[in-house]
Structures are given as C-alpha cells and as structure tokens.
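I opened this model to look up a few residues. My notes follow in the order I took them.

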Amino acid sequence: MKKRWSLMNNENLVAAADTYPTSISSLLLPAASLNISSAVSSLNRNSLSISNRLSSIYHDWLFVRQIAERYQLPLVANERCGSWYIPPDIKAGSAYFKSTDGHQGQWAFSTRRLNLQVLDIVEKHGGCIIVDSTRRGKSMPDALSKTVPIWCAVMNSLLLGESYESTGIYTAEDVVSPSEHSQIQARLDSFVEEAK
C-alpha cells in the first residue's frame, strides 16, 4: 500500500486526515488564545531572567503536550531546540531539519541530513509531530514551515516514484506566501535529482 509522507493533510497518511491542521490559526487551541499585546509586554519585562526562560519552556511544553494529546501522535525533537520541550521519556525520536535549508531563496534538500529515522516513526504511528522553536517575532521556524515540507515532497517522490505535482508540497498558508510556495515548488525537481 502506498503512503504519502506529509506535514499537512493527506488522506493516505491517517484515516482522519481532515482533523489535522493546515494553518497555524487552526492549530491553536481555545485556551491558547491570548491578547498578543499583553503577552508581548509581559515577555519584554522579564525576558532575560532565568526564571522567565524556564517558565517559558514549561508553558511551551504544556502547549506541545496538548497538541500531542489532541492528535495522538508521537513527538520528535528537531535538534537541538526541540528537545527542550519534550521530556526524554516520551520523546519518540530526534531529527535535524536545518532552518537555513528553508531560508528565503536558499531552499534546499540536504543529502547529508536525510532524517530517515522519521520515516520509521511515521510508518509505525501514522504520523508524528516535529517539535522545534524559533526566535521571538516569528510564528514558525523555517525548518518547520519550509525545510520539512521540502523533505516530505522529495521523500514522496523518491519512495513512491511520484512527481511532486501528484503528491504536492504542503506549506502553512499563513507563514509561507503563495509566491514563496511556488518558487520552492519550482525547485523540487532539482532537489529530487540531487537526492537520487
């Protein structure tokens, strides 16, 4: 049976694919909705204190745990930052999707970091949640918004013998502009050829 590896919706990935988020706004839980300006003010006051940083990690872990419980998928840390948010006893694995491979105009598929161990986890559990962090002011790390979708599209093509046109590349619409999405898609053939 053919399976497509995908960051976003895919009817072949899991039985209830329509329940998975396709944008950051659909990912947020009701309890996670905060007044942005009050949150930023609060963070700015104590942003450099050790207690604030530890508290931030703890609250981010609570959010990660809620998402994992909601979607019933294992957690994979995108090293190094993702490991801060997953207790070792429940971490299903690690990956290294480099953010610079997703930087504007620098998109790449790394043949040095194939992250094949993620395929084993996805096969066993029907998917996974890759956990990472980013600097203040960004809603999603480049590794998650672009590098992982590139990896999924290339893996689909290599493993299933399908072109990216039939499997598609899925990016978060509220993070990756349509222009950037199409520029990445235009490079997928060369990424697949490099990986062969």
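I began with disulfides, each defined as a pair of cysteine sulfur atoms within 2.5 Å. The model is predicted, so local features need pLDDT of at least 70, side-chain atom pairs count only at pLDDT 80 or more, and totals for chains, interfaces and linings use all residues. Residues are numbered from 1 along each chain as its sequence is written, and side-chain values use heavy atoms, with hydrogens and water left out.

**Cysteines.** How many disulfides did I count? The count comes to 0. Cys128 is in no disulfide, and its nearest cysteine sulfur, in Cys152, is 8.4 Å away. The sulfur of Cys152 has Cys128 as its closest cysteine sulfur, and 8.4 Å is too far for a bond. I then checked burial (buried is under 20% relative accessible area, exposed over 50%, partly exposed in between; 1.4 Å probe, protein chains only). Cys128 is buried at 19%. Cys152 is buried at 8%.

**Positive phi.** Most residues other than glycine have a negative phi. I noted Gln72, whose phi is positive, near 50 degrees. Gln72 sits in the loop between α3 (50-71) and β1 (75-78); helices (H or I, at least four residues) and strands (E, at least two) are DSSP runs numbered from the N terminus. Is Gln72 buried or exposed? Gln72 is exposed, at 62%. Asn115 also has a positive phi, about 55 degrees. Asn115 lies in the loop between β2 (91-95) and α4 (116-125). Asn115 is buried, at 6%.

**Thr171.** I found Thr171 in the loop between α6 (164-167) and α7 (178-195). Thr171 is buried, at 9% relative accessibility.
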